[in-house]
Amino acid sequence: MGPITIHVRESQFTGGDHVVVFDADVLLLPHDATIAVTLTGVHPAYDRDPEGEQLALDCIRDGIMAVLATRNVGALVEVSNLVIHPVDFRPSYFRRYTVRHLEAALADVPLIRPAEVEDVAALSELARATYAAAFGHSLAPEDLTEHLDRHLSQQSFARALVEDGDVILLALVGGRIVGCVQFGTLREPTAEEGADRELRRLYVDVGFQGRGIGTALVEAALRHPLLAEAPRVVLDVWEHNPGAQRLYRRFGFEVVGERCFEVASGAPTSLDLIMERRAP
Ligand SMILES: CC(C)(COP(=O)(O)OP(=O)(O)OC[C@H]1O[C@@H](n2cnc3c(N)ncnc32)[C@H](O)[C@@H]1OP(=O)(O)O)[C@@H](O)C(=O)NCCC(=O)NCCS
């Protein structure tokens, strides 16, 4: 995801003159609490007020920290077109308007955070609906129901979090869960001394697909310490899901095998491809 740009032009006292003026390019850094703010341009360039500029930057930084603290991300911020008003300079207003503009700019940007046990009801609802929409047509109704109940129930997500030590990252837009990715230890005999990992479930709400949320979730998962250090990350993807395969390939996953997707009735089904990504 590229930088988010905010353009602040606010007049508080002077009934026309702008007293809080700057632009900021905010590049969000997942899993990194760093907030670095640099000044790349002031206006007018010939009449500078270094002390005022520093005060304004500190306040902009405070505002950015206040907004991003709840989102668990850091940011690289470039401030430009900064105006230090010769008369009506109120540093605290830079914080206020930074918060207001950044909150508004982030309203549609998914927030990615780890799931808690309290999230399992909404998580299960998202996963079941997305799974049924994407794959329901390929299964007999009773096999679909059985699969949803066995693998995507509230209980199975709670078990994954509490007993299996899996991590589930959620994508939220406007406070609503619209995507998830689950990962943890690879449980198969060939796994190398418990160090190999599996990316288990990736779902994005049908109404939010194609907007980069799946990509952001996979990116966040691969940067998570549990996967970032792993020698091998493995996943299964349906052979007839070229979109997801393309997404995984872009992150360096390659097909290394295949296995039958088993359903409760034992009916013949198509194959899951096994993809893996080795540590560079
Ligand atoms: C696959 C999925 C998680 C991707 O999330 P997304 O937010 O739609 O993805 P992005 O917007 O980041 O797009 C990245 C890629 O995802 C793939 N993609 C997009 N929409 C998709 C869809 N409806 N179904 C499958 N793949 C899709 C494409 O490869 C896309 O890249 P492209 O634009 O070059 O074609 C999401 O579409 C989904 O939940 N699909 C149904 C369930 C599923 O297939 N899960 C993966 C199981 S292994």
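Predicted model: local features only at pLDDT ≥ 70, side-chain atom pairs only at ≥ 80, totals over all residues.
Two strands count as paired here if DSSP finds at least two bridges between them.

Start with the seven-stranded sheet. Its strands form an open sheet in the order β5-β6-β7-β8-β9-β11-β10, and the pairing is mixed. The edges are β5 (111–114) and β10 (254–260). Each has a single partner strand, so one side of each is left without a neighbour in the sheet. Neighbouring strands of this sheet are turned by 25 degrees against each other on average, with direction ignored.

Strands β8 and β9 (residues 232–238) pair in the parallel sense over two bridges. Within that pairing, R197 has V233 in β9 as its bridge partner. On to β11 (residues 271–278): β9 and β11 run antiparallel and are joined by seven bridges. There, V234 stands opposite E276 of β11. In general, strands of a sheet pair through backbone hydrogen bonds, either parallel or antiparallel.

Now place a helix on this sheet. Helix α6 lies across β5, β6 (167–173), β7 (176–185) and β8. Its direction is about 35 degrees to β7. An α-helix has 3.6 residues a turn, so residues three or four places apart point the same way.

L217 is found in α6, which spans residues 213–223. Is L217 buried or exposed? L217 is buried, because 24 other C-beta atoms lie within 10 Å, and the cut-off for buried is 20 or more. Which residues does L217 touch, leaving aside its neighbours within four places in sequence? The contacts are I112, L169, A171, G179, V181 and L202. L217 and R113 are 104 residues apart in sequence, but 9.7 Å apart in space, C-alpha to C-alpha.

The ligand comes next. Its shell holds 18 residues, and the closest are A134, Q209, G214, T215 and G243. Four elements each supply at least two residues of the shell: α3 (120–135), β8 (197–204), α6 and α8 (242–250). Helix α8 gives the most, with four residues. By class, the shell has eight nonpolar, eight polar and two charged residues.

Turn to the other sheet. Four strands form an open sheet in the order β1-β2-β4-β3, again with mixed pairing. Its edge strands are β1 (4–10) and β3 (35–39), and each pairs on one side only. Neighbouring strands here are turned by 20 degrees against each other on average, direction ignored. In this sheet, β2 (residues 20–30) and β4 (residues 73–83) pair in the antiparallel sense over nine bridges. One of the bridges sets V26 against V77 in β4.

Strand β4 also carries a backbone detail. N81 lies in β4. N81 has a positive phi of about 50 degrees, although it is not a glycine. How many other C-beta atoms lie within 10 Å of N81? The count is 15, so N81 is partly exposed.

Helix α2 (residues 91–106) lies across β1 and β2, running at about 135 degrees to β1. The helix has 16 residues and reaches 23 Å from its first C-alpha to its last. That is close to the 22 Å expected at 1.5 Å a residue. Its buried residues are F94, R95, Y97, T98, H101 and L102. What do they pack against? The partners are β1, β2 and α1 (50–69).

The loop between them holds P44. A cis peptide bond joins H43 and P44, with omega at about -5 degrees.

Key
Residues numbered from 1 in each chain as written. Buried ≥ 20, exposed ≤ 12 C-beta atoms within 10 Å, placed from the backbone. Contact = placed C-beta atoms within 7 Å. Near = placed C-beta within 6 Å. Nonpolar A, V, L, I, M, F, W, Y, C, P; charged D, E, K, R; others polar. Axes fitted to C-alpha atoms, helices over the stretch in contact; angles between N-to-C directions. Expected span 1.5 Å × (residues − 1).
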